[in-house]
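Q: I'd like to learn how to read the helices and the core of a model like the one below. Could you walk me through them?

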Amino acid sequence: MPQHKSSEKRLRQSAKANEYNRIVRSQINTASKKLAAAKGDEIAPALSNVYSVLDRAVKVGVIHKNKAANRKSRLTVGLKTASVKA
């Protein structure tokens, strides 16, 4: 247990931030899985949703902007190669 008031407050703040970060990361994973499962006309809105979720995660500081850019790039390349194969 923390011995100082400031340590107690820091513990509360960390727990709250940890919970919020877990929620945002879960949203990223859920959106990515929905994109992977999308077919036909569902792909464009699903990709837009993933981009939006990633941008929001960057905005609130859960992930770094370069990580979001890399993920967006990989998703786009993956979809283009999948469409060429199909």
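Predicted model: local features only at pLDDT ≥ 70, side-chain atom pairs only at ≥ 80, totals over all residues.

Q: Where do the buried residues of α2 fall, seen down the axis of the helix?

A: Start with the general idea: an α-helix has 3.6 residues a turn, so residues three or four places apart point the same way. Here, the buried residues are Ala46, Leu47, Val50, Val53, Leu54 and Ala57. Down the axis of α2 they fall within an arc of 125°, so they line one face of the helix. On the other side of α2, Ala44, Pro45 and Lys59 are exposed.

Q: Which residues of α1 are buried?

A: In α1 they are Val24, Ile28, Ala31 and Leu35. This helix covers residues 5–37 and reaches 48 Å, close to the 48 Å expected.

Q: Which residues have the most contacts inside the largest nonpolar core?

A: In general, nonpolar side chains tend to be buried together in soluble globular proteins. In this model the largest nonpolar core has 14 residues, and Ile28, Leu54, Ala57 and Ile63 have the most contacts inside it. Two or more residues each come from α1 and α2, and α2 gives the most, with 6 residues.

Q: What is Ala57 in contact with, leaving aside its neighbours within four places in sequence?

A: Ala57 is in contact with Val24, Ile28, Val62 and Ile63.

Methods:
Residues numbered from 1 in each chain as written. Heavy atoms only, no water. Helix = DSSP H or I, 4+ residues; strand = E, 2+ residues; numbered from the N terminus. Expected span 1.5 Å × (residues − 1). Buried < 20%, exposed > 50% of the residue type's maximum accessible area, 1.4 Å probe, protein only. Arc of directions from axis to C-beta. Core = buried A, V, L, I, M, F, W, Y, C linked by side-chain atoms within 4.5 Å. Contact = heavy atoms within 4.5 Å.
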